[in-house]
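This report is an introduction for a reader who is meeting the structure for the first time.

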Amino acid sequence: GLCISQSVKIPREPRTGEFDKIIRRLSENPNARVVIIFANEDDIRRLLQAAKKANQTGHFIWVGSDSWGSKISPILNQEEMAEGAVTILPKRQSIRGFDRYFTSRTLENNRRNIWFAEFWENNFQCKLSRHALKKGSGVKKCTNHERIGRDSSYEQEGKVQFVIDAVYAMAHALHNMHRSLCPGNVGLCPKMETINGTLLLKYIRDVNFTGIAGTPVVFNVNGDAPGRYEIYQYQITNNTMEYKIIGHWTDHLHLDTNQMQWPGASQDVPSSICSQPCQAGQRKKTVKGIPCCWHCENCDGYQYQADTYSCKMCRFDLRPNPNHTGCDPIPIVKLEWSSPWAVFPVLIAVLGIMATMFVVLTFIRYNDTPIVKASGRELSYVLLTGIFLCYATTFLMISTPDVGICSLRRIFLGLGMSISYAALLTKTNRIYRIFEQGKMSVSAPRFISPASQLVITFTLISVQLLGVCIWFGVDPSQAVIDYEDQRTSNPLMARGVLKCDISDLSLICLLGYSMLLMVTCTVYAIKTRGVPETFNEAKPIGFTMYTTCIVWLAFIPIFFGTSQSAEKLYIQTTTLTISVSLSASVSLGMLYMPKVYVVLLHPEQNIPKHKRSLKAVVTAATMSNKFNPKGGLRPNGEAKSELCESLETQDCVEGGEPCEGL
């Protein structure tokens, strides 16, 4: 569970400033405070000096090997730097008999040890050779009467136990090797005259005996003896400084944490980490070569924290939760009935439907009156049906999309307008053909009877229905959830839009035919602008078409100009429904409200004025052109007004039957 943030080598012969450099390296990450040091006591001392120089007292927590142990020399005069240091020493025992043996050694009885004379001089601060004495040095000549432990301080070296066990391990290994290679021989046999080191190492690793201190001496597969250590901590309490035993290791760790004390006499265990843990929704980006050091990077946008080290994108229909630890479904929105974007179009549609039904009921009630007859009853009812469907389309556009609603939208969104403009186009075309025919011939134009007008109207409407049927065959209707339409940069604001699979281009194609009928009708309205004001519906139809064109010219930039808006669903739906309703309202208001006004409030005007056959009217129009050639120069075709007055009420007789509205 440990990780190395910095690994620094101490040179064998450090140059000046080398330890300062090491401390700077160790300080690069201030969160990593524990320093494990394997060095001799002189390097330990110089490293502590460099830390003190860098004003890092109490910052580093030192963990020293057995080369530090419980020695005083590495920390002399810099004890505060070593406070809290944890060190180890091999667990050892004092060997009985060794003290008696060693203190009895003299220069006479220990001549076989070639280093003993040097030890004698250092231990007793004397010189064995007279020539080595220097005047004024204060060093005396050794007398050979000095005794260890009497004339000098003495304490058994802690590693005596291990030296003895090491000698016995070698002896046991050679003994076992001799028994294997030279069985029954006394002394060396030819196989052991030249020792094979690799083979000898095998016998050393295989030894198993009880050491001088009563502990077993064995080696593992790596050649290491079982670790038996005592654990110390250097503590400063009330100006008392000591190495205190806080635990030991024998096969496993035994540590008394209650005995531990950290810099500043604190009992709180200091933390030592390379990097702080990343927060929720952040991934770890490890520093190259240092697996325990990392930078925390946010999983931003539509990413979530997949694991400790990676972020992944949420699925297209999901968004990250607030802390980016997982993904939640994106909320689905649609145009609600209670929304302000829906209330206003619905209000217009409801009022429009009520007005349309009122007109229809009025026309049915006064079906045989001159004004109703003059308006062309059959086409009027067709036109009123189209107006009704235009208003009803609003409810389809606001209803919750599903397969049924989407199918009805495809059918009726363009159908209502197609019915309205097909009826208006048939009317304006009829008027235009009658007066154009009057310029050239006294005969009546073809296909001006009510039945013919209905056939023409339904033929034009069938083109719209045929296109919708083909569309259904190529691309069946369905409701979809669009997650891209409101996929904002802020995932918390993302929404899925429940809508029908009608793209902006498909919508234009759906309304395109109605637009074509509208433009064509407008052209005929312009051509029949010279018809007398009192004649039929040419002028009201003209004003209706001009106003409708203005409405739809305003619709196009609003509809497509908001295609990138976050409120696209609401703005486009509201714009479309209001435009359709306004178109219907213009037709209803300009074409039928004046008639309803006369029928209900001024019934005295709802009477026929003239009776004349269509043939007579056409003949009169022809004769007028012949005897009054300058009439064509009069503005707006006023030359025809006298002749057209007879057609005002359209209560003429053609072949013995009433001739309804032109």
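The axis of a helix is here a line fitted to its C-alpha atoms over the stretch in contact, and an angle between two axes runs from 0 to 180 degrees between their N-to-C directions. Two packed helices are described by the angle between their axes and by the distance between those axes. The model discussed here is a predicted one.

**A pair of helices**

With that description in hand, helix α1, which covers residues 18–26, and helix α2, which covers residues 41–53, are found to pack at an angle of about 65°, their axes being 9 Å apart. The crossing that α1 makes with α2 is right-handed. On the α1 side the residues that meet the partner are F19, D20, I22 and I23, while α2 brings D43, R46, L47, A50, A51 and K53 to the contact. Sorted by class, the contact of α1 with α2 holds six nonpolar and four charged residues, and no polar ones.

**The largest pocket**

The largest pocket has a volume of about 1,100 Å³. It is lined by 37 residues, of which C3, I4, V34, V35 and I36 are the closest to the centre of the pocket. Both α1 and α2 supply at least two residues each to this lining, as do the strands β1 (34–37), β2 (61–64) and β12 (290–298). The largest share of the lining, four residues, comes from β1. The table divides the lining of the largest pocket by class.

| Class of lining residue | Number of residues |
|---|---|
| Nonpolar | 27 residues |
| Polar | eight residues |

**Residue Y546**

Elsewhere in the chain, Y546 lies in helix α14, which spans residues 538–561.

**The chain as a whole**

The protein chain has 18 helices and 21 strands. Of its 662 residues, 42% count as buried. Among the contacts that link residues at least 6 apart in sequence, 63% join residues at least 24 apart.

Conventions
Residues numbered from 1 in each chain as written. Predicted model: local features only at pLDDT ≥ 70, side-chain atom pairs only at ≥ 80, totals over all residues. Heavy atoms only, no water. Left-handed = near helix turned anticlockwise from the far one by under 90°. Contact = heavy atoms within 4.5 Å. Nonpolar A, V, L, I, M, F, W, Y, C, P; charged D, E, K, R; others polar. 1 Å grid on protein atoms, 1.4 Å probe; cavity = no way out; pocket = protein on both sides within 12 Å on 5 of 7 lines; lining within 4 Å. Points joined across faces, edges and corners; volume = space filled by probe spheres on them. Buried < 20%, exposed > 50% of the residue type's maximum accessible area, 1.4 Å probe, protein only.
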